[in-house]
Amino acid sequence: MAVLTEEQTMLRDMAREWADNEAPVGAFRKMRDAAPAAFYDADAWRAQAEMGWAGILVPEAQGGAGMGYLSLGLVLEQLGRNLVATPLAATAAATSALILGGSEAQRAEWLPRIAAGDVVAALAVDEGPRFAPERIETRVEDGRLSGTKYFVAEGDSARLFVVAAADGLYLVSGDEGVTRSARKLVDARSHAEVRFEGARAEKLEGGRDLVTQVTDRAAAALSAEMLGMAEAAFAQTNDYLKTRVQFGQVLSSFQALQHRMAKMLTELELTRSVVEGALEAIDSGRANVSQEVSLAKATANETLHLVSREMVQLHGGIGMTDEHDAGFYLKRARVLEAMWGNAAWHRDRFARLNGY
Amino acid sequence: MATAPEIDAPADPLGAFRSEVRDWLAAHFPPSLKGKDNAMSAVEGPHENSPEEDAWQAAMGEKGWGVPTWPSDYGGGGLSRAEARVLQEEMARIGAWNPIGGMGVMMFGPTLLEYGSEEQKSEHIPAIAKGTVRWCQGYSEPGAGSDLASLQCFAEDKGDHYLVNGQKTWTSGGQWADKCFMLVRTDRTKKHEGITFLLCDMDTPGVEVKPIRLISGSSPFCETFFTNVQVPKANRVGAEGQGWTIGKRLLQHERSSLSGGGSAAGRLFAQGTPLAPLAKTFVGEDEQGRIADPELRGRIARHEMDLRAFLATLRRASQEVASNQGPSATTSIMKNVGARLIQERSELLIEIRGLAGLGWEGEGFEADALKDARAWLFGKAVSIYGGSSEIQNNVIAKRILGMLDHQ
Ligand SMILES: Cc1cc2nc3c(=O)[nH]c(=O)nc-3n(C[C@H](O)[C@H](O)[C@H](O)COP(=O)(O)OP(=O)(O)OC[C@H]3O[C@@H](n4cnc5c(N)ncnc54)[C@H](O)[C@@H]3O)c2cc1C
């Protein structure tokens, strides 16, 4: 566990308590069954904004808490544990673009509203189903942006889009020239295809480097969410093995299963270190952020992949039923694994950054 | 899989039989059904057959070739294994498929042929061979999954019938089945020797079926409740208390068909979306025409190699048991490898397609991708049902390696 400030410890404990009391997995299930157009839990989002989480990254001058990425990660980890369905991660990714590349005016216009939870923002980069930030054809001419973005998380409800074009990131805030089409993925969250046809766009400073910086931050944030999911999936499986009796014994007495749980715990420990490491690298502005993020995302991907599979397997038949939560973790896991770079993508970049 | 190579008829010892098969298939298999086999039908439930499908099923049922090696006295094809292989090759050659399947074919039929009375065989086997009666498997209970022998559903001896009370769960196809083969307890004082094998009509008063939705969205399996259900004594297979032996034999048949030697898994592999061309489409190619991502390319190659090793082992095993001694404990090995490969393939398909491989429903997805995503989720069950991978490993350790049973 990273060394936390008192403020961070309070934030984490509060997030954990809130998620456990107010937003258990049952709340996600309810949202899924109700299938709202925006595909998030509006009540939970309002509550999160009131607790100041929408503004964790936003500087105090603009009404936020100015706390940084480790703090954001601590919250996302707690939300990941219970699969809380809110646009916090997507909005934070877009927020980081404004903070890193926004002009005074842009920041003044958007950040206070984001911090208040009045604006859901989304980061729109990919133009295909796989993460490929180097392959972007979206173009801007005379301040008008055109291009199609696939599977934009929270694209159904976003008021503000941070859009990657060939020469960097742009803000698109109006609906003119913007068409959204819902894309229903297995995780029952919002992913929309967003078509921009001559939408009015404002440039953010920073060119292509900004795209890397922002997608790195998005990947680090997701890694934290994935860490939380893996922890919860692991803990539930562990509890189940301790109560389920077969052959006159609890399953947890079988050594074959003990060793598998021990392996998963080991992977979880490694994952926590690298996820926190990436978030801290961002906060302290270290030069090797991309490397740390690739390490974190690749590791989180592999760990959550393993744990989510084992969760279903070790629950036996009950884990295959929709009535049980295991499937939710499995489905959400694969979606997050694919977003902002799968394990192979990040291993490849890690190798390149290390000169091999 | 590649289509079977042309076989040189004159040099073929079964040449005459082969040409008979060819002629018969040409006369009876409607070309419009070529490749229309649905490997997921077992999961999604029966669908409305087209008139062509009805005709094809009737023809195969009449001929007994849906169950080619079963005795012709009971409506089977009466073919030798070698002849059955010829039939399979000839069907593959023209894209024909077996319309007769389900639990009756996979596991109940072979078990009944071995343990059933003359009356039971004549009553049930022909209907299975024609595909007109659907069977479901009443084994698992809430407290008895891997530890099947701890089942509690009780059958009380009432002279001419048993009175059955209790609950089964995860009963696949229970809502569509006509009949159920089930394990019940007839003696509470003995664990394994207190189990009896019964056959129950699903429309007997007191049988109640409640479908359960799976993570893949479909609802092919059920909770099945038995309340004062009367099952005639004539529906008992084998002696009272012999159910565990018979039931385990059936599980061996289940394993061998689930491993891919039989239908479901083999069909999935045969009909499944090929990985490499898909990867080239989604990931791109390098200058030399290879999959652009070398790591993914390596993993696809490894998977394809494992798959070939698996299929080669299945072939070798089937040649070795040509003496027809039925499935052996090695079916546990094959079930585990088959399960791993099916799941690995699904995961690779998802990884290749990225988010386009994780569609649930609605606009913006290829039909194949949606089907593969559901199959991925359903496929998580293949390492659980029919005896989980862990339980197969226990069987391998105990029965093949002679290791100690710690239970
Ligand atoms: C899709 C599907 C269809 C099915 N269809 C049918 C059907 O038609 N009819 C029917 O009767 N049943 C059916 N089943 C039930 C199936 O056979 C059981 O789910 C299976 O036997 C496992 O039992 P369980 O679910 O109670 O899991 P449990 O026995 O509780 O096992 C939970 C986990 O513990 C592991 N475990 C258990 N014991 C040991 C041990 N000694 N050593 C190591 N690990 C162990 C298991 O492998 C599993 O991973 C179906 C199941 C599924 C998922």
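1. Let's start at the chain boundary: A:Lys184 pairs with B:Glu361 in a salt bridge, with 2.7 Å between the closest N and O atoms. This one crosses between chains, running from strand 7 of chain A (residues 184-185), where A:Lys184 sits, to strand 9 of chain B (residues 359-361), which holds B:Glu361. Keep in mind while looking at it that the model is predicted.

2. How exposed are the two partners? A:Lys184 comes out at 31% relative accessibility and so counts as partly exposed. B:Glu361, at 33%, also counts as partly exposed.

3. Next, a pair within chain B. B:Lys210 and B:Glu223 meet through their side chains in a salt bridge, at 3.4 Å from N to O. B:Lys210 belongs to strand 6 (residues 207-212) of chain B and B:Glu223 to strand 7 (residues 221-232) of that chain, so the bridge ties together parts 13 residues apart in sequence. The lysine here, B:Lys210, has 45% relative accessibility and therefore counts as partly exposed.

4. A:Arg29, A:Arg32, A:Asp33, A:Asp322, A:Asp325 and B:Arg213 are joined into one network by salt bridges that share partners. Taken over all chains, the structure holds 50 salt bridges.

5. On to the domains of chain A. The chain is divided into domain 1 (121-206) and domain 2 (209-353). Their centres, taken over C-alpha atoms, are 28 Å apart. Where they touch, domain 1 of chain A contributes 16 residues and domain 2 of chain A contributes 15 residues.

6. What does that domain interface look like in terms of area? About 1,400 Å² is buried between domain 1 of chain A and domain 2 of chain A, and carbon and sulfur atoms give 73% of it. One salt bridge is found across this interface, along with three residue pairs in polar contact. By class, the side of domain 1 of chain A that touches domain 2 of chain A has nine nonpolar, three polar and four charged residues.

7. One more chain A salt bridge is worth a glance: the side chains of A:Asp187 and A:Arg332 meet at 2.7 Å, N to O.

8. Finally, chain B as a whole. It has 13 helices and nine strands. Of its 407 residues, 48% count as buried. Among contacts in chain B with a separation of 6 or more, residues 24 or more positions apart account for 69%.

Methods: Residues numbered from 1 in each chain as written. Chains lettered and ligands numbered in written order. Predicted model: local features only at pLDDT ≥ 70, side-chain atom pairs only at ≥ 80, totals over all residues. Heavy atoms only, no water. Salt bridge = Lys/Arg side-chain N within 4 Å of Asp/Glu carboxyl O. Helix = DSSP H or I, 4+ residues; strand = E, 2+ residues; numbered from the N terminus. Buried < 20%, exposed > 50% of the residue type's maximum accessible area, 1.4 Å probe, protein only. Domains from an automatic or database assignment. Contact = heavy atoms within 4.5 Å. Buried area = accessible area lost by both parts, 1.4 Å probe. Polar contact = N/O pair within 3.5 Å; in protein donor to acceptor, adjacent residues only side chain to side chain. Nonpolar A, V, L, I, M, F, W, Y, C, P; charged D, E, K, R; others polar.
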